[in-house]
Amino acid sequence: MVEWWTYAAEDFVPYSARSYWRLIERHNGAIWPTQVVAIAGGLACLWQVMWPRPIVIRALMVGFAIAWAWIAWAFLLSTYQDLNWAAPYLAAGYFVQAGMLAVVALLAPTPIRSPIGLQRSAGACVLAYAVLFHPLLPLITDRALATSEVVAVVPDPTALATIGFLLSTLHTRTALVLCLLPAMSCVLSAMTQSVLAQTEALLLITGLLVAFFGVAAAWIEGGGRREF
Amino acid sequence: MLPSVGLGSWITFNVGDDPNLRNECAAVIAAFLQEGGGVIDSSPMYGSAQSVIGYGLAQAGNTQALFSADKVWTDGSNGASQVGETQAAWGLERFDLLQVHNLVDWQAHLPMLFDMKSRGMVRYVGVTTSHGRRHDDLERIMRTQPIDFVQLTYNAADQEAEKRLMQLAHDRGIGVIANRPFQRGRLPERLRGRPLPDWAAEVGATSWAQLLLGFVLSHPDITVAIPATSRVDHLRENKAVARGQTWNPDLRVRMAAIASDL
């Protein structure tokens, strides 16, 4: 039996930053111009945060479900698995997340309800970062623009965007359940990026903290009521 | 005699199916073999490194200078099949050395490997650890099992293995392979920009990497060090260390003192 508890974080990152970003670059090239559709979907999510309509929110949740399943298959299992033996386990989690999003979007009675202001604002900020600013990180790092990470195409911006969108559009308890796996994905990725000494680690953690404080602040604002 | 500077593949050769990066790794392997070859070490844990090595060896053609070393890293019941997959990845019918990686299920794998050795399917058998993990278990295995090699972490900043394991290896006639001579590149990175000590020329070193590797190789009980690299110039720099001058004990103390401050 592999004694996992004796392994350090770097043992779970068996590749270099250069190999990883080359992987992203080649993946982007292989699926172009899917990124255009993905960004359009991200902008639609931002639109719904500003002017929510339940039927559209449900449709976008289905869109997120498709994105999670597609990332599991097209990226984690088809590409990332070349670098990391743990990719199938990550993919399993992504498929579960896809299923949960789809079930809630299609079958849950009334998951959608305007959350309290601070939570909605924090969620919107995280969503806006994931859709609009995360893809532009190559401009301020030493990476090529071809390594840009776009929502619904690769894990990190998708996980952040999911958290931001759910927290800003859904009933809090439903949102928190559906945000659990995305948050775990962000933490794992932040650990990976930290081992690779990449700026993205700090940004992922910052996004999670913004979301967390938004929920906490909203809970306080709501007086800690259970129905919150 | 086995060249003292081998070639690791953790991180550096895990490049997936990227043709550009694969060709860079193949160039490193070709240069390694040109420079006298020796141990190339890998593991199923290293992602695509095994297949990249296989690609590089196929590109190199003449692999007479190769001493192939890989590992078993799975539950006890799957060892033999994993060895078969590893052979296919390298394109080899027989390995020079097979090791139980990080002592995973060693109680099951070692008998299997010893059986392979008795049937001529592998030349040598060993076990590995890294980062100073499980040294007590490693010592017990070294005392009780007829292994040929042990692989462990040893570098200028981590000399834990000197306390018991090196002497035990010497007494038992076990070859010692030193992994992480640069701590995944951290040691040379932290020394970058510092002027070399005035005694560097005494050992023929022109870089901190050569001093760090030279320190490892200067221990009398180290058989091979396996620095990993994806650059041909670094490969040649590493190989040059083996042609350097002998270190005296005082220089080892000075190097360890420098590394301890990092």
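## A pocket in chain A

The second largest pocket has a volume of about 860 Å³. Keep in mind as you look around that this is a predicted model. A total of 31 residues line this pocket, and those nearest its centre are Tyr80(A), Asn84(A), Ala86(A), Leu90(A) and Leu188(A).

Which helices of chain A each supply at least two residues of the lining? They are α3 (54-77), α4 (87-107), α6 (155-169) and α7 (172-195). Of the elements involved, α7(A) contributes the most, with 9 residues. Sorted by class, the lining of the second largest pocket holds 23 nonpolar residues, along with 6 polar and 2 charged ones.

## Where chains A and B meet

Let's turn to the interface. Here 22 residues of chain A are in contact with 25 residues of chain B. Between them, the two chains bury about 2100 Å², and 43% of that area is on carbon and sulfur atoms.

## Salt bridges and polar contacts

How many salt bridges cross the interface of chain A and chain B? There are 6 of them. A salt bridge to look for in the structure joins the side chains of Arg26(A) and Asp17(B), with an N to O distance of 2.9 Å.

On the side of chain A that touches chain B, the largest share comes from helix α1 (residues 17-31) of chain A, which provides 4 residues. By class, this side of chain A has 12 nonpolar, 3 polar and 7 charged residues.

Definitions and conventions:
Residues numbered from 1 in each chain as written. Chains lettered and ligands numbered in written order. Predicted model: local features only at pLDDT ≥ 70, side-chain atom pairs only at ≥ 80, totals over all residues. Heavy atoms only, no water. Contact = heavy atoms within 4.5 Å. Buried area = accessible area lost by both parts, 1.4 Å probe. Salt bridge = Lys/Arg side-chain N within 4 Å of Asp/Glu carboxyl O. Nonpolar A, V, L, I, M, F, W, Y, C, P; charged D, E, K, R; others polar. 1 Å grid on protein atoms, 1.4 Å probe; cavity = no way out; pocket = protein on both sides within 12 Å on 5 of 7 lines; lining within 4 Å. Points joined across faces, edges and corners; volume = space filled by probe spheres on them.
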